[in-house]
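I opened a new notebook page for this structure.

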Amino acid sequence: MPAPATDSAGQAPAADPGGPRVPTVIADDLHIVYRVQGGRQRGNATAALRRILRREPSGRIREVHAVRGVSFTAHRGEAIGLVGSNGSGKSTLLRAIAGLLPAERGRVYTNGQPSLLGVNAALMNDLTGERNVILGGLAMGMSREEVRERYDDIVEFSGINDKGDFITLPMRTYSSGMQARLRFSIAAAKQHDVLMIDEALATGDKKFQKRSEARIRELRATAGTVFLVSHNNRTIEKTCDRVIWLEKGELVMDGPTEPVLKAYAEENAR
């Protein structure tokens, strides 16, 4: 596999070589390990109940080394695509940056508040889209006045009402694509120090994807940092100036978008 594309300081080129390079995320020899129960002990119900009461383990503990010694520095104004096969550690890396997973070894340093947006980001299914917009905005730190000011733009951006008054219906009546569009629209209404998007643009029609890509470029232009996980290389090509390629939890290549995507495509074509 190709070696990482870095400069003399060991870092990938910045989005704006002429401007100040302000770090927003630093991963320093980061290792993430999951520990899960693996295998079951045989026995009857009485023996199982006895183990529960005694708090005895029900089987051996398996370790999954999901991220292995990953190091990089992200800067303000960068949009960074994450590519790799399924199980390569992309989503795990984002969750670690967001502070949702502890490091087994190494560290993650962030300048500002990271926000993780994924297809599984929680919205309350029994509440209407309208209420979710309000609660989602408040959860991101917006004031009630800011939410009111941006409410119409959020709904319009999401396209929820293009085929009816869906915003007043409970979220459980939405398709997965409608839910993903609303999540992105809520998150994109606020300027983020670090916004991490995990496959949220995979759902939705081309019209919405174009709006989303334009919004990512706006977030970059206003000094934010965007991480984007996507299996659609065209989306990454249009929105990201840098790509990090992971496989089996290890960093394979880190550099400008075009050469990294080219090497990634060539590797997958073998």
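**Entry 1: helix α2.** I started with α2, where K90, T92, L93, L94, A96 and I97 are buried. I take buried as under 20% relative accessible area, exposed as over 50%, and partly exposed as in between, with a 1.4 Å probe and protein chains only. The helix covers residues 90–97, and six of its eight residues are buried. G99 follows α2 and has a positive phi, near 85°. Helices (H or I, at least four residues) and strands (E, at least two) are DSSP runs, numbered from the N terminus.

**Entry 2: ground rules.** I noted that this is a predicted model, with local features needing pLDDT of at least 70 and side-chain atom pairs pLDDT 80 or more, while totals for chains, interfaces and linings use all residues. Residues are numbered from 1 along each chain as its sequence is written, and side-chain values use heavy atoms, with hydrogens and water left out.

**Entry 3: strand β3.** How many residues of β3 are buried? I found five of five, across residues 79–83. A79, G81 and V83 are buried on one side, and I80 and L82 on the other. Next I checked its partners; two strands pair if DSSP finds at least two bridges between them. β3 runs parallel to β7 (residues 225–229), joined by four bridges. I80 has F227 as its bridge partner there. β3 also pairs with β8 (residues 242–247), again parallel and over four bridges. In β8, W245 stands opposite V83.

**Entry 4: charged patches.** Patch residues have over 30% relative accessible area and no salt bridge, and like charges are joined within 9 Å. Lys and Arg count as positive, Asp and Glu as negative; His and the chain ends are not counted. I found a positive patch made of K206, K210, R217, R234 and K238. Which helix gives the largest share of the positive patch? It is α6, with three residues. Both α6 (206–221) and α7 (233–239) supply at least two. K206 sits in α6. K206 counts as exposed because its relative accessibility is 68%.

The negative patch gathers D152, D153, E156, D162 and D205. D153 belongs to helix α4 (residues 144–158). Its relative accessibility is 51%, so D153 is exposed.

**Entry 5: salt bridges.** I searched the whole structure and got seven. The test is a side-chain nitrogen of Lys or Arg within 4 Å of a carboxyl oxygen of Asp or Glu.

I looked at R35 and E104, whose closest N and O atoms are 2.9 Å apart. R35 is in strand β1 (residues 23–38) and E104 in the loop between α2 and β4 (105–110), 69 residues apart. R35 is partly exposed at 44%, and E104 is partly exposed at 41%. A salt-bridge network links R35, E63 and E104.

D126 and R172 form another bridge, 3.1 Å from N to O. D126 is in the loop between β5 (114–118) and α3 (129–139) and R172 in the loop between α4 and α5 (176–188), so the bridge ties together parts 46 residues apart in sequence. D126 is exposed at 63%, and R172 is exposed at 55%.

E146 and R150 also meet in a salt bridge, at 3.9 Å from N to O. They are separated by about one helical turn because they are four residues apart in α4. An α-helix has 3.6 residues a turn, so residues three or four places apart point the same way. E146 is partly exposed at 29%, and R150 is partly exposed at 26%.

Technical notes:
Patch = residues over 30% accessible without salt bridge, like charges linked within 9 Å, V, L, I, M, F, W, Y side chains within 5 Å. Areas by Shrake-Rupley, 256 points an atom, 1.4 Å probe, with all protein chains shown as cover. Charge placed at Lys NZ, Arg CZ, Asp CG, Glu CD.
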